[in-house]
Amino acid sequence: MKSFDPNFDRQKLMYHPERVAEWLEHDTTSGPLYTEMELASFCNCRCIFCGVDYLVNETRDIIDLDLAKKILSELKSLGNKSVMFSGHGEPLLHPQAKQIIEYASGRMSTSVTTNGITLTTDKLGLVDGLEWIRFSINGCDPENYAKVHGVAPEMFERVLANVAGVVQRKRERGLPVAVGTQIVLLPENAPGVVNLARRLKELGVDYFSIKPYSQHPLSRNRREVDYEHLAGLEQQLRPLEEPSFKIIFRAGSMAKAGQRKPYDKCYGTHFLCFVSADGDVWECNVFAGDPRFLVGNAREESLRDIWHGPRRKRVLDFIHHQMDIGSCRDICRMDECNRYLWRLRHPWPHDDFI
């Protein structure tokens, strides 16, 4: 079984040279490389750091099963290689999440990010075809979990039991799925992170990722976190690490908080796609909901027509020539990809001396 790359801060576009070369030559790509699909637009948590304002607002959309299958089939035909089921809601609240995820797993690399509350025994089969599943656990004990997630304290042990169920299924069936966990590091949960790591190690997960809070540009929920005062946690966590249990302390991302981006344009959207639960297709997942980034709706036209259509060209023109890169998310998922692509477009002296 091949090991997975646990470095979330490293971009992987260099492993797809044919697609990057296509973009360099034609200033576009034939289709997305990676897609994030939202199965449900609502959530069963009310996290204090929520970037999409479930503290004050939510919609109630779920994607139709037939539409989801249509989109996944069209993505495959466009050369899309991977899909993550996440979005702005909790994907496993979709009553047919298992069927959709299994359908996707038969066509491309597939993953799920979930809070894990509803991953009951009858849904465990959805992990069989996944490359990875990641549980967002942002509280470190029942009371802390209740405070951060905005749910009943007993949900903490329920989630850990569901994680244990996935680990057991993985072991019994010899599944290649990487079982990961992550926490958004906050002053509210920092004191319990080491104890949580011990619990997760005992459960047998493959890794525990400690990531920074990132301010969403469209969110009314605003927070500031000083990560310099929390950096010492990494040294406390490292002794727990073993070959079978990785600690991923995302210090690189934390260091970027509040820093100016070293590029002036976002090129990364040429390689990804975001589909919301109502079928809308967005050029950027962060700005889903902002009409300036809406490129079409998969119920009304094919993804191929959307990807190569005039509306998307107008959106790309806006992104490349009008959008202020400073208005993007502070720590964007595509940041490292953009640094790489910007360097390809704007080479430095001596780059030819390999």
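## Ground rules

Residues are numbered from 1 along each chain as its sequence is written, and side-chain values use heavy atoms, with hydrogens and water left out. Since the model is predicted, local features need pLDDT of at least 70 and side-chain atom pairs count only at pLDDT 80 or more, while totals for chains, interfaces and linings use all residues.

## Salt bridges

Side chains of opposite charge can pair when their charged atoms come close. Here there are 20 salt bridges, each being a side-chain nitrogen of Lys or Arg within 4 Å of a carboxyl oxygen of Asp or Glu.

Let's start inside a helix. Glu102 and Lys98 pair up through their side chains at 2.7 Å, N to O. Both sit in helix H3 (residues 97-105), four residues apart, so about one helical turn separates them. (Helices are DSSP runs of H or I with at least four residues, strands are runs of E with at least two, and both are numbered from the N terminus.) Glu102 is partly exposed at 37% relative accessible area, and Lys98 is partly exposed too, at 26%. For these labels, buried means under 20% relative accessible area, exposed over 50%, and partly exposed in between, using a 1.4 Å probe and protein chains only.

## Bridges across the chain

Asp206 and Lys170 also form a salt bridge, at 2.7 Å from N to O. Asp206 is in the loop between helix H6 (193-203) and strand E6 (207-212), and Lys170 is in helix H5 (residues 155-173), so this pair ties together parts 36 residues apart in sequence. Asp206 is buried, with a relative accessible area of 15%, and Lys170 is buried at 15%.

Then there's Arg223 with Glu188, whose closest N and O atoms are 2.8 Å apart. This pair links distant parts of the chain, 35 residues apart: Arg223 is in the loop between E6 and helix H7 (233-237), Glu188 in the loop between strand E5 (178-185) and H6. Glu188 is partly exposed at 24%.

## Where H1 meets H11

The axes of helix H1 (residues 17-26) and helix H11 (residues 335-345) come within 11 Å and cross at roughly 50°. Axes are lines fitted to C-alpha atoms, for helices over the stretch in contact, with angles from 0 to 180 degrees between N-to-C directions.

In H1, Val20, Trp23 and Leu24 meet Tyr340, Leu341, Leu344 and Arg345 in H11, where contact means heavy atoms within 4.5 Å.
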